[in-house]
Amino acid sequence: MGIRALLSEPLARYIVRQQQEWIARSLEVQEKWRKQLVSKAADTQFGKDHFFRDIHSYSDFKEAVPVSDYEDLKGYIEKIKTGESNVLWPDKPLYFAKTSGTTSGTKYIPISKDSISNHINSARNAILTYIAETGKAEFLDKKLIFLSGSPVLTETGGVLTGRLSGISNHHVPGYLRSNQMPSYETNCIEDWELKLDKIIDETLQQPMSLISGIPPWVQMYFDRITERTGKKIKDVFPDFSLFIYGGVNFEPYKAKLFESIGKRIDSIELYPASEGFLAYQNSQEDESLLLLLDTGIFYEFIPAENFFDENPKRLSIGEVEIGRNYAVIINNNAGLWGYSLGDTVRFVSTNPYKILVTGRIKHFISAFGEHVIGEEIEKALRYAMERHPETEVVEFTVAPMVNSDNGGLPYHEWLVEFAAMPNNKEQFARDINQRLTELNIYYQDLIKGNILRPLELVPLRKNAFINYMRANGKLGGQNKVPRLSNDRKIADELLKMNRS
């Protein structure tokens with residue numbers, strides 16, 4: 001065992017002890033953060049505009065701080081971009097994390113000196129928690145790869161600006177830099193496909209032990225390696241033992257990824273966002289994620305079915321219920337206030353507080369009142385794949401078809417890129433539809449009431465989603481195609497490209 005592995009074990013035990021301490025005081029810890037955040041931001045422009053000095057309770061907080069999205073805070077962020085200080089949080093942000101928005105164009109998410117530790121330490125602690133549980137640390141002594149965006153930073157109003165993954169790259173601990181891959185020069189390449197080829201050049205002969213990234217882009221990395229070598233990943237990287245991922249539900253990618261690897265390996269799911277690092281998987285025996293309650297974020301939750309109500313009820317951590325879907329609202333020590341992440345989660349435990357990420361509050365289909373969410377379509381697809389084990393899915397998206405060509409009933413259209421087609425495509429579609437009716441009572445009622453007809457499955461050509469992302473300038477990095485939409489913008493573009 002090398003020096004990195006040896007030194008990691010006492011640190012891992014220490015981190016887990018700290019974790020257990022704040023878990024035991026979860027409600028107290030969250031109330032502490034609410035008070036600290038309000039107190040520290042009281043003299044900022046936002047704090048003055050919202051009378052922070054008059055906030056003495058959570059009820060006062062909800063009265064003073066509205067639920068917001070990026071558009072609601074954009075006026076404040078524009079002031080920061082022109083060089084103003086003490087706007088949302090004391091002083092200027094340390095960074096702006098650039099991320100794409102559907103209505104706002106490019107979003108500039110502030111990361112402060114206070115909040116950067118949330119991003120960096122949480123990722124570190126996820127790995128240390130794994131080491132503490134499993135006793136496996138040898139992977140730290142070999143090569144580690146983090147498939148990420150470019151670390152090149154620009155300036156916006158005197159604030160360093162870049163992708164979150166690129167910003168994080170500047171904070172990799174020194175003891176890991178010597179075995180981190182790819183090289184800084186390669187990581188700076190903006191063109192994803194050129195960058196991927198360079199990454200393969202650098203890593204192919206290396207003892208890779210840990211690989212981290214968004215599953216579809218890791219799969220692309222694996223596919224290119226197999227094309228070059230004709231080998232499974234386990235034969236190219238025999239030391240590869242830990243896969244770390246986040247950003248999308250792993251389940252639809254799992255079978256193909258592990259088939260590409262050629263063996264089962266341990267994996268850790270993370271829940272990072274530009275707005276904050278929220279949770280990570282803290283046990284190999286449990287797929288749910290530990291919600292991080294002591295890292296500078298005060299959480300609120302709105303029942304997903306009420307999110308679009310005029311005045312939806314906001315709940316603190318002590319008011320949530322197991323088994324219910326909630327929209328996540330955060331208040332953090334970078335100056336995001338009442339900020340809706342757009343994600344939905346379901347609690348599976350309240351001691352400790354553990355969640356599953358179930359989808360996006362705006363990524364749903366309810367063209368006919370069915371309100372089908374991401375978790376439901378992913379479960380339905382997984383059910384069909386289990387019944388048709390020869391099937392491999394690369395990627396998929398679902399959209400409503402309101403006006404079909406033959407004038408029949410509307411339906412949900414599933415656009416699927418297969419690596420291996422089901423032997424019986426029609427039965428595969430029926431199995432998805434059957435499971436979806438079991439998961440969503442509204443969808444079931446619409447099918448039974450002849451308001452909707454069963455879904456239709458449209459296989460797409462190889463690389464359909466890669467070509468779509470390339471055409472829209474979103475190939476690689478942290479970008480991903482929404483799994484479902486309430487309109488046909490993505491679906492129609494995919495179909496047009498599929499016919500050309």
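Phe46, Phe52, Tyr76, Trp89 and Trp337 form one aromatic cluster. The model is predicted: local features need pLDDT of at least 70, side-chain atom pairs count only at pLDDT 80 or more, and totals for chains, interfaces and linings use all residues. Residues are numbered from 1 along each chain as its sequence is written, and side-chain values use heavy atoms, without hydrogens or water.

Rings of Phe, Tyr and Trp (its six-membered ring) pair if their centres lie within 6.5 Å; planes under 30 degrees apart are stacked, over 60 edge-to-face, the rest tilted. The count comes to 21 aromatic pairs. Phe301 and Tyr326 make an edge-to-face pair, 6.2 Å centre to centre with 70° between the planes. Phe301 lies in strand β12 (residues 297-303) and Tyr326 in strand β13 (residues 325-332), so the pair ties together parts 25 residues apart in sequence. Strands are DSSP runs (E, at least two residues), as are helices (H or I, at least four), numbered from the N terminus. Phe301 is buried at 1% relative accessibility. Tyr326 is buried at 0%. Buried means under 20% relative accessible area (1.4 Å probe, protein chains only).

Charges also sit over rings (NZ of Lys or CZ of Arg within 6 Å of the ring centre and within 35 degrees of the ring normal). Lys81 lies over the face of Tyr108, at 4.0 Å from the ring centre. Arg435 lies over the face of Tyr383, at 6.0 Å.

Notes. Buried means under 20% relative accessible area, exposed over 50%, partly exposed in between (1.4 Å probe, protein chains only).
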